[in-house]
Amino acid sequence: MHLDAFNELSAAEAENLLRPCVDVDRWINELISARPFADRDELASYALSGITPFNPQELDAALAQHPRIGERAQGESKEADLSRGEQATLNLDGDATARLKAANQDYEQRFDRVFLIRAAGRSTEEILAECERRLANDDATELAEVATQLREIAVLRLKDLITN
């Protein structure tokens, strides 16, 4: 969709468009209220840093829409389609799949939530190294990292939806 068309959408139409980017009502509503945007870079910048950080409840709600890294998202929703595209470049041979499964289990046992990372542009080895590094984080540091990753994913999705 062209940015001009996005700027002109009704609030309900814009919400439907934005929800697959990240399922956080406040983020969606603030982005809608901040329109019009002059260009896609302004939109992306505001989406990434112009809205106050996600709180733990918003993170939990948004994470419910994300599959484990290395697992194919199920269903026909826009979120599932976007997730499959983001993880499409991962090398998921037998060894990598087993290692990702173990990393996911270690992370979930440590933090009681799904491991979230922006997969687009990263190799399987990079993702595994990041999971291992993040396992050493304290809860507050990891919560901030999850929020950053979630925002990066949301902005990538937003950029795929909106053109100049």
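In which kind of crossing, left-handed or right-handed, does H4 pass H9? Keep that question in mind as you open the structure, which is a predicted model.

**Stop 1: H4 and H9**

Select helix H4 (40-50) together with helix H9 (residues 139-161). Two packed helices are described by the angle between their axes and the distance between the axes. Here the axes of H4 and H9 come within 9 Å and cross at roughly 155°. Angles over 145 degrees count as roughly antiparallel, so H4 is roughly antiparallel to H9. And the opening question? The crossing in which H4 passes H9 is right-handed.

Now show the side chains where the two helices meet. From H4, pick Arg 40, Leu 43, Ala 44, Ala 47 and Leu 48. Their partners on H9 are Arg 151, Glu 152, Val 155, Leu 158 and Lys 159. Colour this contact of H4 with H9 by class, and you will find six nonpolar residues, four charged ones and no polar ones.

**Stop 2: H5 and H9**

The crossing of H5 and H9 is left-handed.

To see the contact, select Pro 56, Leu 59, Ala 62 and Leu 63 on H5, then Leu 143, Val 146, Ala 147 and Leu 150 on H9. What classes of residue make up the contact of H5 with H9? There are eight nonpolar residues, with no polar and no charged ones.

**Stop 3: two loops**

Next, go to the loop between helix H3 (25-33) and helix H4, where you will find Pro 36. Zoom in on the bond joining Arg 35 and Pro 36: this is a cis peptide bond, with omega of about 5°.

Then move to Asp 112, in the loop between helix H7 (94-111) and helix H8 (124-134). Asp 112 is not a glycine, yet its phi is positive, at about 60°.

**Stop 4: an empty space inside**

Rolling a probe the size of a water molecule over the atoms shows where empty space is left. In this model, the count comes to two cavities of 30 Å³ or more. The second largest cavity has a volume of about 30 Å³. To find this cavity, select Val 22, Asp 23, Gln 65, His 66 and Arg 157, the closest to its centre of the ten residues that line it. The lining of the second largest cavity divides into four nonpolar, two polar and four charged residues.

Notes: Residues are numbered from 1 along each chain as its sequence is written. This is a predicted model: local features need pLDDT of at least 70, side-chain atom pairs count only at pLDDT 80 or more; totals for chains, interfaces and linings use all residues. Side-chain values use heavy atoms; hydrogens and water are left out. Axes are lines fitted to C-alpha atoms, for helices over the stretch in contact, and angles run from 0 to 180 degrees between N-to-C directions. Helices (H or I, at least four residues) and strands (E, at least two) are DSSP runs, numbered from the N terminus. A crossing is left-handed if the near helix is turned anticlockwise from the far one by less than a right angle, and right-handed if clockwise. Contact means heavy atoms within 4.5 Å. Ala, Val, Leu, Ile, Met, Phe, Trp, Tyr, Cys and Pro count as nonpolar, Asp, Glu, Lys and Arg as charged, and the others, Gly among them, as polar. On a 1 Å grid over the protein atoms alone, a cavity is a set of points where a 1.4 Å probe fits but cannot get out, and a pocket is an open set with protein on both sides within 12 Å along at least five of seven lines; lining residues have an atom within 4 Å of a point. Grid points are joined across faces, edges and corners, and a volume is the space filled by probe spheres set on the points. Angles under 35 degrees count as roughly parallel, over 145 as roughly antiparallel, 65 to 115 as roughly perpendicular and the rest as oblique.
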